[in-house]
Amino acid sequence: METLRLYDFLPSGNGYKIRLLLSQIGMPFERVEVNILKGETRTPEFLSKNPNGKIPLLEVKPDKYLAESNAILVYLSEGTEFLPYDRFLRAQVMQWLFFEQCSLKPYIAPLRFWISVLGKAEEHKEAIEQNRESGYAALKLMEDHLQSHNFFVGERYTIADIALFAYTHVADEGGYDLKQFPAIQAWIERVKTQPRYISIKEELQH
């Protein structure tokens, strides 16, 4: 099999999802840093690989690319323990992947980016306040689910957990108070004890 190449930006939660799964399935890959702060995803060269101009981007074979972090998670987890074979459980995984992209990430990730990556909280103060309520609503829904479940689907660790974990565990970097979500906090610790876990700041050498 060709060596996978991951175009990535280290602080990105979406990129982290892929690094974490690749680490946990033990799949070798080459990581290519693409600095979004310097406009490196908007160059003609990068846009020829992903016209949407975003990372992460996975090169599965020479000149064969896959974009969108959760689509990449599904692709990589096929045939592994991280994606259930059962039809209904697989659909539940998809349900949480869609939730993550539509109801969680849009309200957690930008705040973290503005506050902790760019250091421009004051400049984005109005947008931060507008996003906060929806972010807390998503976290509350997750909290309610985790009060009676150890993981999100089928009581086992799947890519649903990886997708939701990526931005949730650093939500405090966007000014969210996770102390009011004890079930989420306990789940975060469970995820961190999974085999071959790596942190979001860990750059794997391959």
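Student: How many aromatic pairs does the structure hold?

Tutor: This is a predicted model, and the structure in it holds 12 aromatic pairs. One of them is formed by Tyr16 and Phe165, whose rings are tilted, with 45 degrees between the planes and 6.3 Å centre to centre.

Student: Which parts does the pair of Tyr16 and Phe165 tie together?

Tutor: Tyr16 belongs to helix 1, which covers residues 13-25, while Phe165 belongs to helix 6, residues 159-168, so the pair links parts that are 149 residues apart in sequence.

Student: And are Tyr16 and Phe165 buried or exposed?

Tutor: Both Tyr16 and Phe165 are buried. These two residues also belong to one aromatic cluster, together with Trp96, Phe99, Phe152, Trp187 and Tyr197.

Student: Switching to charges, which ring face does Arg132 lie over?

Tutor: Arg132 lies over the face of Tyr176, at 4.7 Å from the ring centre. In a further case, Arg190 lies over the face of Phe151, and there the distance from the ring centre is 6.0 Å.

Student: What about Gln24, where is its place?

Tutor: Gln24 is in helix 1, and because its relative accessibility is 8%, under the 20% cut-off, Gln24 counts as buried.

Student: Which residues does Gln24 touch?

Tutor: Leaving aside residues up to four places away in sequence, Gln24 touches Phe82, Tyr157, Ile162, Gln194, Pro195, Arg196 and Tyr197. For Pro195, which is 171 residues from Gln24 along the chain, the C-alpha atoms of the two residues are separated by 6.5 Å. Tyr197, also touched by Gln24, is a member of the aromatic cluster that includes Tyr16 and Phe165.

How values were computed. Residues are numbered from 1 along each chain as its sequence is written. This is a predicted model: local features need pLDDT of at least 70, side-chain atom pairs count only at pLDDT 80 or more; totals for chains, interfaces and linings use all residues. Side-chain values use heavy atoms; hydrogens and water are left out. Rings of Phe, Tyr and Trp (its six-membered ring) pair if their centres lie within 6.5 Å; planes under 30 degrees apart count as stacked, over 60 as edge-to-face and the rest as tilted. Helices (H or I, at least four residues) and strands (E, at least two) are DSSP runs, numbered from the N terminus. Buried means under 20% relative accessible area, exposed over 50%, partly exposed in between (1.4 Å probe, protein chains only). A charge sits over a ring if NZ of Lys or CZ of Arg is within 6 Å of the ring centre and within 35 degrees of the ring normal. Contact means heavy atoms within 4.5 Å.
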